[in-house]
Amino acid sequence: MAVKNYVLVCGGSACESAKGNDIYKSLLHQAEVQGVSNDLQIVKTGCFGFCEKGPIVKVLPDEAFYVEVKPEDAEDIISENIVKGRMVDRLLYKEEGKKEYKPENIKFYQKQKRIVLRNCGLIDPESIDEYIARDGYLGLEKALFELTPQQILDELKKSGLRGRGGAGFPTGLKWSFTQRIDADQKYVVCNADEGDPGAYMDRATLEGDPHSVIEAMIIAGKCVGADKGAIYIRAEYPLAIKRLEIAMDQARERGLLGDNILGTDFSFDLEIRLGAGAFVCGEETALLASIEGKRGMPIPKPPFPAAKGLFGKPTVINNVETYANIPVIISKGGDWFARYGTEGSKGTKVFALTGKIKNSGLIEVPMGTTLREIVFDIGGGIPNGKKFKAVQTGGPSGGVLTEDFLDTPIDFDSLISVGSMMGSGGMIVMDEDDCMVDVAKFYLDFCVEESCGKCAPCRIGTKKLYEILSKISQGKGEIEDLQKMKDMGQAMKKASLCGLGQTAPNPVLSVLNAFEEEVLEHINDGKCRAGKCKDLVQYSIDESKCIGCTVCARKCPVNCISGDRKVAHVIDQSRCVKCGACYDSCKFGAVLVS
Amino acid sequence: MEMVNIKLNGKPLQVKAGTSILKAALTDEIKIPALCAHDDLDAWAACGLCVCKVEGSPKMVRACATEVVEGQNYITHDPELQEIRTTVLEMILSNHPQECLTCGRSNTCELQSLAGDFGIREIPYEMDIKDIEADKSTPSIVLDPRKCVSCGRCALVCQQLQNVWALEFLERGHKTRIAPAGGVLLNESPCIKCGQCSAHCPVGAIYEKDETRKFLAAVRDESKHVSVQIAPAVRVALGEAFGMEPGTLVTGKIYAALRKLGADSVFDTNFSADLTIMEEGSELVHRIKNGGILPQITSCCPAWTDYMEKYANDMIPHFSTAKSPMMMQGVMTKTYYADQIGTKAKDIYTVAIMPCTAKKYEITRDDNMWASGEQDMDLVLTTRELARMIKAAGICFDCLEEEDADSPIGAYSGAGTIFGVTGGVMEAAVRTAYKLVTDNELEDLNVHAVRGMAGVRKGVVDFAGTDIKVAVAHGMAHVEEILNEVREAKAKGEEPPYHFIEVMACRGGCIAGGGQPYNTNDTVRAQRVAGLYNDDEKSVTRRSHDNPEIAKIYKDFLGAPMSHKSHELLHTKYQERPIYSK
């Protein structure tokens, strides 16, 4: 019997942790109680992307888009939307200042184009049938029965797909290196060792549509002549791992993985290798070493993994997002894919949009979309009326881009030309409350911890840059420090062995480039204009503005604010730990930062 | 051989395909700075100093790890590279204690020399030295993590060349240090004390335990007769410390220098190498003739013995029970020689000058090293330590007149001297065993089947109609191949694949031991090897059993090889040891 309604519940990690599973169960329970179980299908999907407003529930065919749903809302959703056929107005998403909900008006989605995330939020990732129903495994069928390996390569080359892991190497070319080598064993490896702070594109893809990656890897195996593959994924992605395992089992049951796939003489199987979460293991040679059971340290290239990779054998290695594009490129053709994007960067790019932004979440936009469109149209701009300051792309490997670069079209080459890089897709927005010294320090701190320690420029340079930034943030910086940081940054860029070290100074260098004045303020005036550098900040209370509401005194973790109700309060400077809680909690602008 | 045409700084050059930029540059006398690259090792690309430019590419490449490509123009030196290298060097120096004056590597330190070449006068970055205590747990080497530049050479040597895996990279980032896995001390680790780490370290982070003061104290002690022996390999390497070419034979000068340093008697380990051949050769013949356990495996390398006791102790029954020449010399000095000069073992202080750090460990390795009733060997000094003592004593090494060793345990045959090179023990044994088995002398004394530098060499020697199958391995990583053949044959109940196996822990044998002068590579090895073969060629006697002092010691003291007395004094036992003792 055909069902009348589909209720889609987000099952991504973020929504799950916000009781997504309870919502799912409550919906099932309410459907049962209200006797409509047979009229609907409740599906736990992958990430909808609009994480800011999660947990999200969508009802089809009404296109009702419910946000910030709680388990107790299930009763209304079933009774109103399903039983009575009218949307639950209080749960519907509404654009700022709008009283009405119109599905086509959700700005967050308007400029997006979903290729990688085509199934995320639409299908049950634990159901191979739903994947197949959405043209899943069509690409593989074509690769097995219609295309020669060379024709697969041709499609990839036509598509213009470039690796989404960071460097943007043309995928078809990469595969062709492995394809043309004669070897007794070849491998296909998926890099799912996503580690940029704030980035979760790959996790969401694997949680929402694991078959898309599996299908791509089988196609890669067919194309280059490999019969074994491995997915290297960090162990702290348990949900993604679980869904991958389920998907692999289902694929094996259907004869899509294993011996003689779909009755052909082509065999291919996959295994999952868990990583311990070292950022450097996202570097392909370190990743392969880790799979081999060795310490994850990069080795010099060439030879590239395409020629000499896992266990010394030719190996295709791509990241999750790159693979997720491939089934549709094969099924719809390279020309179709190349319609999206710019001249040099085809297709779309997924970003994890976070930081000081109204609509944080997972977005997928055609290459060439400008930063302005992402930040202000999709992201909805900066919350709390604050001023946009910068956007950081490329995570610890990228740089900060100021307002001047907001009209930069996002693609591999433009970002590099303005001193940042695409990276794997982290995008962090900063407002006037963010201190650029602090931002650079944050990324360097990350790299200090994540440098593998093998090569001197990275091992020593990250620590030294961090130390100098710390000094500056404490007001102890010297003017010579700027040149030291530039010298070391340059040496690290040129002389580090792998991408981690070569790009680790980017956040510092780009801050020095775009915010030199702000850095100089720290050094020359002992001033942090954003009030983030605790050693340079003093909080005080403006008696004329303080109404004695006591909120700040209650928020203060060290109880150093005193004052009677309705009387101006005072901060005891000797005990203040400069956490800023008073400043953040004061609604009257009475807390001053100097 | 396939050649490629490249350009170096615009100048055309033809080099072998597969050559790294670093080595290609050297063929044109262009030196690219590098701290981690070493001829013995695969490129590791850690230090970052050897970066070069490839014309047309925005990226810089590591000269050590990048093979030259036909048609490319490589820029090895220009102002930008100079700046980057200087910055990297300053960064490395900011992590390295400025203790050159009290460092064992002063004057031989590769980092010091780079700092000199680059004219570093101050370090712009804050100093940051690891606060970790030195590991002095072994009798042989000291590991000082504070001085470590994390170049990785020691760990790669320990893992790739020696297959020992005592040293590992621990922790990450700036906390990275090289030490035994699990944070145990070296003495509790699989370390076999071969000291190859110390011979490859570019700085003073791993070095031989300096015991030269003990020597000075002994020679100042009037009540002690200080008796010194020198190992075969020392005589072709010590000269390097005094500016001579590797391989220069300086035996007579060493004898003279030791007497100047205060030695009361100077003997030669080569004598007891001949003695070892008499015992070990007789043991082999005994095993062959009486259906004993074969193959017999040499036991004179203490690092190999330690490796065997830890990693391959199923081979204990195969091990020759003969002690190493050094230990034989020690016990003969404290018994036979003591009798001759009318003194007691306790009044003799025995010192050995060795190319080896493991020898420092060997002298107390078990109770059998007290066969004379006293500790048979009191002190082992490496070639490097002797060089320092000679310099400190103000001796002009070059000016020394050559002297002879003392009698009656100082004369040696050519067979004794080649103990210092891989295959040499085997060759010496063949020369004598041939006589013992056939009662005739071997015609061509140069046993070519066992010479050379291949990691494993296998051969058959015709003992007048009987094929004696032999194998030689050097560099610990090569030994498992041969041992596995022995194990497989045993498991299948087949004839043993060999009669006799020689193993030396260090590549090239003792001539490239862990206590030899620095900067050893295959070129230097070849020169030292040639030095010892020359010493053999020009020897009056080239067979151990022809050494008149050997004949005399058996006649006057030991009786016959494998006699009861020999067994008491010259043979030992082995034991299983845990790989990790903690």
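A residue is called buried if 20 or more other C-beta atoms lie within 10 Å of its own, exposed if 12 or fewer do, and partly exposed in between, with C-beta atoms placed from the backbone. The model is predicted; local features need pLDDT of at least 70 and side-chain atom pairs count only at pLDDT 80 or more, while totals for chains, interfaces and linings use all residues. Residues are numbered from 1 along each chain as its sequence is written, and chains are lettered from A and ligands numbered from 1 in the order in which they are written.

View 1. Helices (DSSP runs of H or I, at least four residues) and strands (DSSP runs of E, at least two) are numbered from the N terminus. On α15(B), B:Asn484, B:Glu488, B:Ala491 and B:Lys492 are exposed. The buried residues of this helix are B:Val479, B:Ile482, B:Leu483 and B:Val486. They lie on the same side of α15(B) because they cover an arc of only 100 degrees around the axis, the arc being that of the directions from the helix axis to the C-beta atoms. The exposed residues named above are on the other side.

**View 2. Length, packing and end of α15(B).** Helix α15 of chain B holds 14 residues, 479–492, and should span 20 Å at 1.5 Å a residue; its end C-alpha atoms are 20 Å apart, which agrees. The expected span is 1.5 Å times one less than the number of residues. Its buried residues pack against three strands of chain B: β15 (456–463), β16 (466–474) and β17 (500–504). After the helix comes B:Gly493, with a positive phi near 70 degrees.

**View 3. The contact between chains A and B.** Two residues are in contact if their C-beta atoms, placed from the backbone, lie within 7 Å. Across the interface, 27 residues of chain A are in contact with 25 residues of chain B. On the chain A side, the elements that give two or more residues are α16 (436–450), α17 (456–473) and α18 (480–495). Helix α17(A) supplies the largest share, 9 residues. By class, this side of chain A has 11 nonpolar, 6 polar and 10 charged residues. Here Ala, Val, Leu, Ile, Met, Phe, Trp, Tyr, Cys and Pro count as nonpolar, Asp, Glu, Lys and Arg as charged, and the others, Gly among them, as polar.

**View 4. Domains 1 and 3 of chain A.** The assignment for chain A gives domain 1 (5–106), domain 2 (128–338), domain 3 (348–431), domain 4 (436–525) and domain 5 (538–593); domain bounds come from an automatic or database domain assignment. The centres of domain 1 and domain 3 of chain A, taken over C-alpha atoms, are separated by 29 Å. Between these two domains, 5 residues of domain 1 are in contact with 5 residues of domain 3. The domain 1 side of this contact has 3 nonpolar, 1 polar and 1 charged residues.

**View 5. The surroundings of A:Pro409.** A:Pro409 is found in the loop between β12 (400–402) and α15 (412–417) of chain A. This proline counts as partly exposed because it has 17 C-beta neighbours inside 10 Å. Apart from neighbours within four places in sequence, A:Pro409 is in contact with A:Thr342, A:Gly368, A:Thr369, A:Thr370 and A:Ser414. A separation of 47 Å lies between the C-alpha atoms of A:Pro409 and A:Val558, which are 149 residues apart along the chain.

**View 6. Domains 1 and 2 of chain B.** Chain B is assigned domain 1 (3–77), domain 2 (105–112 + 125–208) and domain 3 (213–570). Taken over C-alpha atoms, the centres of domain 1 and domain 2 of chain B are 28 Å apart. Their contact takes 8 residues from domain 1 and 13 residues from domain 2. The side of domain 1 that touches domain 2 has 6 nonpolar, 1 polar and 1 charged residues.

**View 7. Background for the close-ups: chain B as a whole.** Chain B has 18 helices and 17 strands. Its radius of gyration is 25 Å, close to the 25 Å that the globule rule gives for 582 residues, so chain B is as compact as a globular protein of that length. The radius is taken over C-alpha atoms, and the globule rule is 2.2 Å times the number of residues to the power 0.38. Of the 582 residues in chain B, 55% are buried.
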